[in-house]
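Hi,

Here's the structure I promised to pass on to you. Have it open while you read, and my notes on what turned up in it follow just below.

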Amino acid sequence: MSGLTAAGKTTLCVRLAADLGVPYTSASQVLGALLRRSDREWTPALDRRRTDLAVERAVDAAMAERLRDLAAGVFDAWGLPWYSDAAATRIWLESSRVSRLRKCYVSYLQRGTPKTFAECASLMDAKDALSRSVFRANWGFDLFRDRRPFDLLVDCSAQMPAATVEHAEAGARATYESVVDALAERHLLDRPRRPPAHPTSRSSVEWLR
């Protein structure tokens, strides 16, 4: 699963892995482990270490090895679809900048460390720009433009019409159901046992191959 900052990758991946009973692997967690940090999710401090391209390549190598060795799993990683040719279904989670900004705002609100929209925009833009430059330098692809590796594109932009916890939770459910339906229709997985909390409108999905 790939997508820009605050697209909703981690929320989707964690739930999908839990419902399917398979391991969840996050590039941010791998980076934290390599740097011997306790961060369980992305922080600005982690990104300050990503300017060392050798560290980033070590993360990429570890992620590629796990994808190759695990029989099943959900992988939350920016560049993995480009630099690994292992068998997998590659999903790009699309979300407009406005939608991602609202998700970022609500995410910090839920953590109890609220930020302004301006602060969220600054964090998002800095992380996206750094990731774009790192992957260009190490692998030669443009994170913003290149969708060639992906099998499925899921656009959840419309699922966040306002920056509220209610909209964030409803949007996450809708996106999850869209992904599960798309994969089940292609017989790539059985539908997880846990039903949605209530009916939701689906996100837009497009099979690219």
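First, a question to get you going: of the contacts in the protein with a separation of 6 or more, what percentage comes from residues 24 or more positions apart? The figure is 71%. Keep in mind that you're looking at a predicted model, and everything below is computed from it.

Let's start with the overall layout. The protein has eight helices and five strands. If you walk along the sequence, they come in the order α-β-α-α-α-β-α-β-α-α-β-α-β. There are 209 residues in the protein, and buried ones make up 49% of them.

Now have a look at strand β4. One of its partners is β3 (residues 91-94), which runs parallel to β4 and is joined to it by four bridges. Within that pairing, Leu 93 has Val 154 of β4 as its bridge partner. β4 also pairs with β5 (residues 204-207), this time in the antiparallel sense, again over four bridges. There you'll find Asp 155 standing opposite Ser 204 of β5.

Is Met 160 buried or exposed? Its relative accessible area is 2%, and buried means under 20%, so Met 160 counts as buried. Who's around it? Apart from neighbours within four places in sequence, Met 160 touches Ser 99, Arg 102, Lys 103, Val 106, His 167 and Ala 168. Take Ser 99: it is 61 residues away from Met 160 in sequence, yet their C-alpha atoms are 5.5 Å apart in space.

As a general point, nonpolar side chains in soluble globular proteins tend to be buried together. In this model, the largest nonpolar core has 24 residues, and those with the most contacts inside it are Val 59, Met 63, Leu 80, Trp 82, Tyr 83, Trp 92 and Leu 143. Helices α2, α4 and α5 each supply at least two residues of this core, and α4 gives the most, with six.

Which of them gives the most? That's α8, with eight residues. Sorted by class, the lining of the largest pocket has 20 nonpolar, 13 polar and ten charged residues.

The second largest pocket has a volume of about 580 Å³. It is lined by 24 residues, and nearest its centre are Gly 73, Val 74, Phe 75, Ala 88 and Thr 89. Here α1, α4 (53-69), β2 (74-76) and α5 (80-83) are the elements that give two or more residues. By class, this lining divides into 19 nonpolar, three polar and two charged residues.

Definitions and conventions: Residues are numbered from 1 along each chain as its sequence is written. This is a predicted model: local features need pLDDT of at least 70, side-chain atom pairs count only at pLDDT 80 or more; totals for chains, interfaces and linings use all residues. Side-chain values use heavy atoms; hydrogens and water are left out. Buried means under 20% relative accessible area, exposed over 50%, partly exposed in between (1.4 Å probe, protein chains only). Contact means heavy atoms within 4.5 Å. Two strands pair if DSSP finds at least two bridges between them. Ala, Val, Leu, Ile, Met, Phe, Trp, Tyr, Cys and Pro count as nonpolar, Asp, Glu, Lys and Arg as charged, and the others, Gly among them, as polar. On a 1 Å grid over the protein atoms alone, a cavity is a set of points where a 1.4 Å probe fits but cannot get out, and a pocket is an open set with protein on both sides within 12 Å along at least five of seven lines; lining residues have an atom within 4 Å of a point. Grid points are joined across faces, edges and corners, and a volume is the space filled by probe spheres set on the points. A nonpolar core is a set of buried Ala, Val, Leu, Ile, Met, Phe, Trp, Tyr and Cys residues joined through side-chain atoms within 4.5 Å.
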